Amino acid sequence: MPHLHTTLTSSRTGISDSFRIAKHIGSVMSFSSCCLKAVEWDGTPVGRVGKLGENDAYITGDNPDRAVLYIHDALGWTFPNARILADHYAKEANATVYVPDFFGGTILPFEPILAGRFHEVDMKTFTANNSRDVREPEIFECARALRAKYAKVGAVGYCFGGWAVMRLGAKEHQPPLVDCISAGHPTWLSKKDIDEVAVPVQLLAPEIDETYTHELKMYTFEKLLNGGLANVPFDYQHFPGVQHACMTRGDPTVPGERDAMARGKDAAVSWFNQFLH
């Protein structure tokens, strides 16, 4: 299979071997510590910076009818991993992809994190300033802006973005804000979020995840397969042997993680191609 980008190529699982691996960040409030371990993929994002509503946003792709809202994890909208992954969604799912800033202009400093100087990052304040209640209204507004412009809209979110895409797919939105969602290792997800999902939903679930717990996974199956939501199209992707954040990290030193990253990307692309086209 030809290279799709200098940094995330595929023979289903083939990904660039050139990575710079960050060190572990200690447990931080409700964010998974694994979510804040990162790998910067080599390469340069190909999109542009613009606006989505009132939010600054990275925008990639040029489909006038299909859009994807990408809700970033704790490292934010400027982190290269998110932008490079958005480039892949734009090309492989034939959509215009938006990665807005949902942290109000605050960007966690990459260099201290990558160098392991965790004492320089005030995660307690950061978490308080970016709670669900604080950020949900602007996430909804960004989705409404896309719905007004595009015929079909999907949403994908990792970690912090996981709970958010589930809320975008909730039954309270009539007409729906989005046509399908994909959530990777979601943080801050509640049973109520699962109860209320009403659009085609995909879960990308590492086996080892202290945030999307075994209890929540089993509750997801109970509701979406056997409960009152059995009419909602549902795709559950299990990733054995890997942990929270593997979908965006892809650490080549961790067995199975590169494969999981590529498989997760391919799964979301397939989901968007099914429900946006």
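Author: A charge sits over a ring if NZ of Lys or CZ of Arg is within 6 Å of the ring centre and within 35 degrees of the ring normal. The model discussed here is predicted.

Reader: What makes the charged end of Arg 263 count as sitting over the ring of Phe 239?

Author: The charged end of Arg 263 is 4.0 Å from the centre of the Phe 239 ring, and the limit is 6 Å. The charged end of Arg 83 likewise sits over the ring of Trp 77, 4.7 Å from its centre.

Reader: Why is the aromatic pair of Tyr 70 and Tyr 89 called tilted?

Author: The planes of Tyr 70 and Tyr 89 make an angle of 45 degrees. Planes under 30 degrees apart count as stacked and those over 60 as edge-to-face, so the pair is tilted. The centres are 6.3 Å apart, and rings pair if their centres lie within 6.5 Å. Tyr 70 belongs to strand β5 (residues 66-71) and Tyr 89 to helix α1 (residues 80-92), so this pair ties together parts that are 19 residues apart in sequence. Both Tyr 70 and Tyr 89 are buried.

Reader: How do you know that Phe 221 and Tyr 236 form a tilted pair?

Author: Their planes are 55 degrees apart, which falls between the limits of 30 and 60 degrees, and therefore the pair counts as tilted. The centre-to-centre distance is 4.6 Å. Phe 221 lies in helix α7 (residues 214-226) and Tyr 236 in strand β10 (residues 234-243).

Reader: Why is Phe 221 called partly exposed?

Author: Phe 221 has a relative accessible area of 27%. Buried means under 20% and exposed over 50%, so Phe 221 is partly exposed.

Reader: What makes the contact of Glu 215 and Lys 191 a salt bridge?

Author: The nitrogen and oxygen are 2.9 Å apart, and the limit is 4 Å, so the pair qualifies as a salt bridge. Glu 215 lies in helix α7 and Lys 191 in helix α6 (residues 191-195), so the bridge ties together parts 24 residues apart in sequence.

Reader: Why is Glu 215 called exposed, whereas Lys 191 is called partly exposed?

Author: Glu 215 has a relative accessible area of 52%, and exposed means over 50%, so Glu 215 is exposed. Lys 191, at 34%, lies between 20% and 50% and is therefore partly exposed.

How values were computed:
Residues are numbered from 1 along each chain as its sequence is written. This is a predicted model: local features need pLDDT of at least 70, side-chain atom pairs count only at pLDDT 80 or more; totals for chains, interfaces and linings use all residues. Side-chain values use heavy atoms; hydrogens and water are left out. Rings of Phe, Tyr and Trp (its six-membered ring) pair if their centres lie within 6.5 Å; planes under 30 degrees apart count as stacked, over 60 as edge-to-face and the rest as tilted. Helices (H or I, at least four residues) and strands (E, at least two) are DSSP runs, numbered from the N terminus. Buried means under 20% relative accessible area, exposed over 50%, partly exposed in between (1.4 Å probe, protein chains only). A salt bridge is a side-chain nitrogen of Lys or Arg within 4 Å of a carboxyl oxygen of Asp or Glu.
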